[in-house]
Amino acid sequence: MKPNVLIIGAGGVAHVVAHKCAQNNKQFGDIHLASRTLGKCQAIIDSVHAKGSLQRPGVLHAHALDALDISATEALIRDTDARIVINVGSAFLNMSVLQACLHTGAAYIDTAIHEDPAKICETPPWYGNYEWKRREACKTAGITAILGAGFDPGVVNAYARLACDEYFDRIDAIDIIDINAGRHDRYFATNFDPEVNFREFTGTVWSWQDRRWTPSKMFEYRKDWNLPVVGKQTAYLTGHDELHSLSQNLDVPNIRFWMGFSEHYINVFTVLKNIGMLSEKPVRTAEGQEVVPLKVLKAVLPDPASLAPAYTGKTCIGNMVRGEKDGKERTVFIYNICDHAENYREIGSQAISYTAGVPAVAAALLIADGTWDVRRMVNVEELPPRPFLALMAKMGLTTWVREGERDVLLEEQAETVGV
């Protein structure tokens, strides 16, 4: 029996997930999409047909669902006989969807850490506040739950595991670098859900340094990186999901996350924050209406999926890893380059959504064939990285390794790379 797949969400990442599931539907059964807005799901299905993404004839069906309603989500999982649920909806839904999977026996995949809408930047490690509290329940139920199976978190976690297993005897530091060197035609926009995007940058920046959590402020620390393809780029020390599992699962004293921001983005962000538009706390208007400024801002900003047609340029995301191998110091950059325009031509997506969506489908395929069907809750770095990275290369996301001045495709290297 091939597993039916239920995709929860209908944004830019869900668009990619649907297309990639369709492109690999020899390994899947029926494919279902669900979100609060039925029309958005149907639009994605229409795009799958328009692009000819189905590998072979198969079922794609849209459903209306409030995924915060656990009973309704359970009912949909049972009605569709979904054995794999790919949750690419809002990060506020994670625990509800996971609970529905626990009750129905379906495998669970997400691409971002759970968030409480009433709280910003909780005490690290963030996974300990919600997800990891369900570890025992997943193990008891025999449910595979793969957390953070996007790109960052997700692929960068696999890069970290690969570095530990094959490139180093000891790792001193992992710097995760996320650069979007692309351009779109809007004055200001976020590349994924504005509400979640801004919440990442309004709290304390937590990084893992000298084996302890170290706080700083957003845009307090910047660093220039000379990177493949995109060249010299400025990035800022930022808090991010994967630090909160890598710091606990790997024996690495320093793990930091750096994200690129333009001066224009920083200026607009700063103004919005200073006038209170990034607040998650309700305010009352002069007319007596209660509104949340952050939700109002989300409503007026462009839908991230709408950026795709005009997006040009490339992304570069990877891990700069420093340590020792065979008694010698070593620095290796493990990375991916993704092209906005190529992604749009293929499936009508921009690269930010593409890099998040492809890995989630690769994880689903590895659950379907048993490679990653571990019957417990795991973060990506707890799983073998080679099958994941090899599969993604076939699906459109190749991995490169730079050492010194040399860049080599990971697939061209042997599985043991001590020299």
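Tutor: The sulfur of Cys-316 lies 11 Å from the closest cysteine sulfur, that of Cys-338, which is too far for a bond, a disulfide being a pair of cysteine sulfur atoms within 2.5 Å. Seen from Cys-338, the closest cysteine sulfur is that of Cys-316, again at 11 Å and too far, and a search of the whole structure finds zero disulfides. The model is predicted, so local features need pLDDT of at least 70 and side-chain atom pairs count only at pLDDT 80 or more, while totals for chains, interfaces and linings use all residues. Residues are numbered from 1 along each chain as its sequence is written, and side-chain values use heavy atoms, with hydrogens and water left out.

Cys-316 is buried at a relative accessible area of 0%, and Cys-338 is buried at 2%, where buried means under 20% relative accessible area, exposed over 50% and partly exposed in between, with a 1.4 Å probe and protein chains only.

Burial also marks helix H7, residues 194-201, in which eight of eight residues are buried, among them Val-196, Phe-198 and Phe-201; helices (H or I, at least four residues) and strands (E, at least two) are DSSP runs numbered from the N terminus. The cover over these buried residues, with contact meaning heavy atoms within 4.5 Å, includes strands E11 (231-238) and E12 (254-260) together with helices H9 (263-274) and H10 (293-300). At the start of H7, a side-chain oxygen of Asp-193 comes within 2.9 Å of the backbone nitrogen of Glu-195.

Notes:
A polar contact is a pair of N or O atoms within 3.5 Å; within protein, one must be able to donate a hydrogen and the other to accept it, and residues adjacent in sequence count only if both atoms are side-chain atoms.
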